[in-house]
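Trainee: I am new to this one. Could you walk me through how its features get their labels?

Mentor: Gladly; let us look at it together.

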Amino acid sequence: MTNQDMMGRAPGGSTTDGEPILSPDAHRLDLGRVGGIALVVGIVLTGPLGWACGYAVVTDPDPVAKWIAGFFGLLFGGLCLLFVASFWRVTRPRGLVVDAAGIWFWHGTSWDLVRWTQAARIGLSYELPPELPTIGGPTAHLKAKVSGWVKDRVYGALRVTDKRGIALEIVPMREEELRELPRLLRYRAKDPSPTPDLPAVLWRVRLPGGYHSFEKLVAAGERFGGHTWEGWFRRQWSGGAGRGARQAD
């Protein structure tokens, strides 16, 4: 079966139930699975650290040591509880596939297609936080050291890049075409740097930071996307907290 045959199985801008026939060399990114791996690693790292700090609060006779241990115990314990609370939401079945037809999205058993011809550009945006000096006394310095240690361990376990707020961004040729895909409206956001003569909105899907997934994703975009695929591009730092591009009105 040719790529043209496979592309003809689902008309542009339509939805289809059940997995469609994909290109043999399509790249699939299972966001539920990747998010689950990230959460498990986070729980494994922060849970024991929180317990160890709590144990130090109970057993250490030094009041200063108790205060420091209590601070980091709340920090690591809070992170662990946050990971546990978001587990089911993050790991729900969903993902995307890049193939000759375009970008496929799946949510459960439902599939949606954004064709390459429907997009003005598609790429991976990211942010880089500014380098800030450590300000404060010994406690602030210790906090920075421990935070850096945890970040290094998490990044090493997940093979994560220093990029923040990574997202797949799709700028449509005509906004009304993607409005016909109601399941994708959750990804609609304002374009922080709109291009003249193109819609001032985009479809933005936040992605986990594991670079082992992005290598193949970028390769698939280059293979199938032609001039529509923009690759990596940097967005202005949004201040953290995962805000990125805000939702459109």
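Trainee: What does the accessible surface of the chain come to?

Mentor: About 13600 Å², and 59% of that belongs to carbon and sulfur atoms. Such areas come from the Shrake-Rupley method with a 1.4 Å probe, and for residues only the protein chains shown count as cover. Please note that this is a predicted model: local features need pLDDT of at least 70, side-chain atom pairs count only at pLDDT 80 or more, and totals for chains, interfaces and linings use all residues. Residues are numbered from 1 along each chain as its sequence is written, and side-chain values use heavy atoms, leaving out hydrogens and water.

Trainee: Why does Leu82 count as exposed?

Mentor: Exposed means over 50% relative accessible area, buried under 20%, and partly exposed in between (1.4 Å probe, protein chains only). Leu82 has 52% relative accessibility, so Leu82 counts as exposed. Across the chain, 42% of the 249 residues count as buried.

Trainee: Where is Leu82 found?

Mentor: In helix α3, residues 63–85. Helices (H or I, at least four residues) and strands (E, at least two) are DSSP runs, numbered from the N terminus. The chain has seven helices and 10 strands.

Trainee: Why is Asp197 called exposed?

Mentor: Asp197 has a relative accessible area of 82%, so Asp197 is exposed. Asp197 lies in the loop between β8 (188–190) and β9 (201–206).

Trainee: What is the phi of Asp197?

Mentor: Positive, about 75°, although Asp197 is not a glycine. Most residues other than glycine have a negative phi.
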